Amino acid sequence: MAIDRIEIKGARAHNLKNIDVTIPRDKFVVLTGLSGSGKSSLAFDTIYAEGQRRYVESLSAYARQFLGQMEKPDVDSIEGLSPAISIDQKTTSRNPRSTVGTVTEIYDYLRLLYARIGKPHCPEHGIEITSQTVEQMVDRILEYPERTRLQILAPIVSGRKGEHTKLLQDIQKQGFVRVRVDGELRDLGDNIELEKNKKHNIEVVVDRIVVKDDVRTRLADSLETALKLSEGQVIVDIIDQEELMFSSNLACPVCGFSIDELSPRMFSFNSPFGACSECDGLGAKMIVDPDLIYDPSKTIVSGAFEAWAGSTSNYYPQFMASVCKHYGIPMDVPVGELSAEQMKKLLYGTGGEKVRFQYENDFGFSKEAFVPFEGVANNLARRYRDTASDTMREYIEAYMSSKPCGTCKGNRLKKESLAVTVGGENIAYSTSLSIGEAKQFFDGLNLSQKDRTIANLILKEINSRLGFLVNVGLNYLTMSRAAGTLSGGEAQRIRLATQIGSSLMGVLYILDEPSIGLHQRDNDRLIATLEHMRNLGNTLIVVEHDEDTMLAADYIIDIGPGAGIHGGHIIAQGTPQEVMADENSLTGQYLSGRKFIAVPEQRRPVSDKWLEIRGAKENNLKNVNVKIPIGVFTAVTGVSGSGKSTLINEILYKTLARDLNRAKVRPGEHKEIRGLEQIDKVIDIDQSPIGRTPRSNPATYTGVFDDIRDLYASTNEAKVRGYKKGRFSFNVKGGRCEACRGDGIIKIEMHFLPDVYVPCEICKGKRYNRETLEVKYKGNSIADLLDMTIENAADFFRNVPKIYRKLQTLLDVGLGYMNMGQPATTLSGGEAQRVKLASELHRRSTGRTFYILDEPTTGLHMDDVDRLLVVLHRLVDSGESVLVIEHSLDVIKTADYLIDLGPEGGSGGGTIVGIGSPEELVKVKDSYTGKYLGPILERDLQRTREARVKAEALQAAAEVSAAVEPVAGAVAEPASTRKASKHGAAAVAEPASTRKASKRGAVSSGGAGGAMLAAESNAAYEAAPAPKKRGRKPKDTGSL
């Protein structure tokens, strides 16, 4: 067996073509290739799946049923495999109790630190709590008036499970006769039986006393007995009044406030001992939001209160009419014009005042009563609290928003826990700091010699973990940040930092694009971290498209040549230099500069139309004012955590969605947004799945399947049989196979083995019944069509313009390799995003649509990025506005206008560093983006100019040749053909007079010259058949 390498033979998972590959061990290896070429199939579905399967198979069948089992990957053999750990982007916890602090385990060490060296203070007076003597306790009790009855209790069990039988017997032997169990007084002479699995509180009744002058000595003796019994704690129960808790250790000298002995659970917001009782440790509460309940432009009659307007019952509308009649509130006036007092009555009720309510049901039965009106907001809150229906809760949640808890102010903990400090600050303060600031805070702690000795090991662990997070570029995150709000890249880098802390060696780590969402400034530190893990003696397999990461790798494996069915082959492997020298490697061509994404030599001029955001203050934004141009390609840039997503997604998008699309969302804090009248629609194209079930696919999402079903319903055979459009849907009864309900597969549960999916025996996986499949168009049934690739389907429907136009947009975004019926659940984030883009492209342009994309290059190869840019620039050329949040310099360099936030992340960001064209941003001294963009801009601008000169020379030579041999067959291809065969240069293979040509680098050389430049910018210097790299046939055989 090979010791220095991992040998994989016959890998066939998904689209892999029975490949053999050798991966060196203890090296930093990058898997790259086009999106959908088979990288993840090799890394995760073959190597990791087999590593995990071998481990799980070593366990008992009993243990396997709990762990779940990955099925054996489709591979002949894998040798030299180490224990594998997968660090992907899909494992972020959506639990609202999960935070950055808890995920990284730093919060566990913080709780221990505060429990061991924390200084408790009185929450009311801020005085440090010190131990109390028996004399102080006696004086405090004697402040009560004479004849006050009280009992002295010694707590011996606090929140512990068990029957505690022996303990109760021991107490009885010591002469005590009563105990209080879970708040109830019990006689020790009785048979006290406690539930073993429930937590109990047990206090011994030491004495019962009535306050009077001569009771001081007895009181002191009883207190001493209680303190001895409970190891320093005593509860004084003032009958029918309050309970006082004293401690010989900790209490406030002014008000007598006492606190339990500090323990880590007191600082846990997931434990009842530490969590705020009002919000149960969540730090926020869902409350009915008045702004979401009603539409201020509508009248009450026309359904202004949308939460009630949707009801099928006429109870609420009639009740509302009765209230309006009682208080004289007009129902035919927009509610936005009603007075504050009138709105208060409608939203929050009559305050107990009864109104005459006459109700008539649907059957004509009427009833009259005088009842108080609770108000729309209070009604929704009560129904949300009381209902057992998930559907009803989900419906009401649309009218609710999350607000910080009023008791703990969002800090999640009880006031007693928040009153404990280390270095003068409580635990909520230390978790509100960014990772970078927290490192400085703990490094600068000024502790006594005793505290320093106790905390030494704890601080070492905290500082090392904070250091790892800083090294992977996460210094801007706060420890209190909810884990559910992290991007995939951030969550992955957190897990990466946790793995570094474990310092394992001999492990196989498989990572999925760790550089996602990371600014170029932080990339160097991430690469150094990966190299550190390799140097410990681990093997790293990283699926990555980032140029810097590839150049830093020891070994690159390029998978291709195309995507989907055109991929699955090993195109090149070796050191970065060897891959760069390989002519067949698309990645190598981009790394070496033989191919590149052209820089426009002339950018679109910015018009006088703007969207202006004023007074943005959400999260870390510092009262930002910024203008976004309409009708151009804008990129929002800045280091990670600088406030880009907050400004665009939380403020701009939510405001536009609310005002233009009538979405039920609450935008982030800002003063106003001007210029909304210049756009009529906003579209957010993100990487979320296009459907939650396998029934959704590219054909259904883009709407082309509706047109195809119309076409099949219009065939003669369908008309003869009386089949309508619905007959050709696999989602409804009629045409689908009822045995599998249109799924094509049947799931068989196997308990401790993985579930097995088998093709339906009736329809053989075709989803439709036999009669439906007998209807054919050009010899193909509807099931045959779903099995076609999009490029084959486009050729099939070439003469049906309505269908062909929609399929052509899917081809334009590079999804020709995908099956028409490929389940949406199997699409990657990048593929899902491109399907959404395609569904927008075939719509007619209005010139008033605003597109927002958040890091659209995630998961895309450089060649895919080129395709994406072609599509985005086409949208802008049609008059629309496109705004992207992006770190990729390849996208940033082609933008018309940049908005750079920073200068740092977290609290060090939130301001505008620079605005203008890329050339203008490069001159801004404080801009990190400008610093890294400058060299790339200069390099690629030079390449673009050289390519243009060479293109013009080739064009001139072609014209001379054409003049000499006018009948010769070697005529330049039509631009449309070259456009199809040159892929990345799609937008430039058009006449230079168009906007598209000048934007993508083809300037001022006539149509054919622009086409030549397209070829040159992608470095197709030889007249080789370019489609080889995509594994497709060229549409034309004309030579260059």
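What volume does the second largest pocket have? About 1,200 Å³. Let me give the terms. The search runs on a 1 Å grid over the protein atoms alone; a pocket is an open set of points with protein on both sides within 12 Å along at least five of seven lines, and lining residues have an atom within 4 Å of a point. Grid points are joined across faces, edges and corners, and the volume is the space filled by probe spheres set on the points, with a 1.4 Å probe.

Ground rules next. This is a predicted model: local features need pLDDT of at least 70, side-chain atom pairs count only at pLDDT 80 or more, and totals for chains, interfaces and linings use all residues. Residues are numbered from 1 along each chain as its sequence is written, and side-chain values use heavy atoms, with hydrogens and water left out.

The lining divides into 16 nonpolar, eleven polar and ten charged residues. Here Ala, Val, Leu, Ile, Met, Phe, Trp, Tyr, Cys and Pro count as nonpolar, Asp, Glu, Lys and Arg as charged, and the others, Gly among them, as polar.

Which element gives the most to this lining? Strand β7, with six residues. Other elements giving two or more include α6 (165–173), β10 (199–210) and α14 (415–418). Helices (H or I, at least four residues) and strands (E, at least two) are DSSP runs, numbered from the N terminus. Domain 2 (100–118 + 413–483) and domain 3 (131–249) each supply at least three lining residues. Domain bounds come from an automatic or database domain assignment.

Now domain 5, which covers 597–689 + 827–933. Look at the open sheet of six strands. The order is β27-β30-β31-β25-β32-β33, with mixed pairing. Strands β27 (681–684) and β33 (911–916) stand at the edges with a single partner each, so one side of each has no neighbour in the sheet. Neighbouring strands are turned by 15° against each other on average, direction ignored. Axes are lines fitted to C-alpha atoms, for helices over the stretch in contact; angles run from 0 to 180 degrees between N-to-C directions.

Pairing needs at least two DSSP bridges between two strands. Strands β27 and β30 (849–854) run parallel, joined by four bridges. Lys 681 stands opposite Thr 849 in β30. Helix α23 (644–660) lies across β25, β27, β30, β31 and β32, at about 145° to β30. Contact means heavy atoms within 4.5 Å.

A second open sheet has three strands, β2-β1-β4, with antiparallel pairing. Its edge strands are β2 (19–24) and β4 (77–79). Five bridges pair β1 (5–11) with β2, and Arg 5 stands opposite Pro 24.

Last, backbone geometry. Most residues other than glycine have a negative phi, and most peptide bonds are trans. Where are the cis bonds here? One runs from Gly 560 to Pro 561, omega near 0°. Pro 561 lies in the loop between β21 and β22. Another joins Gly 902 and Pro 903, omega about 0°. Pro 903 sits in the loop between β32 and β33. Arg 767 has a positive phi, near 80°, and lies in the loop between β29 and α27.
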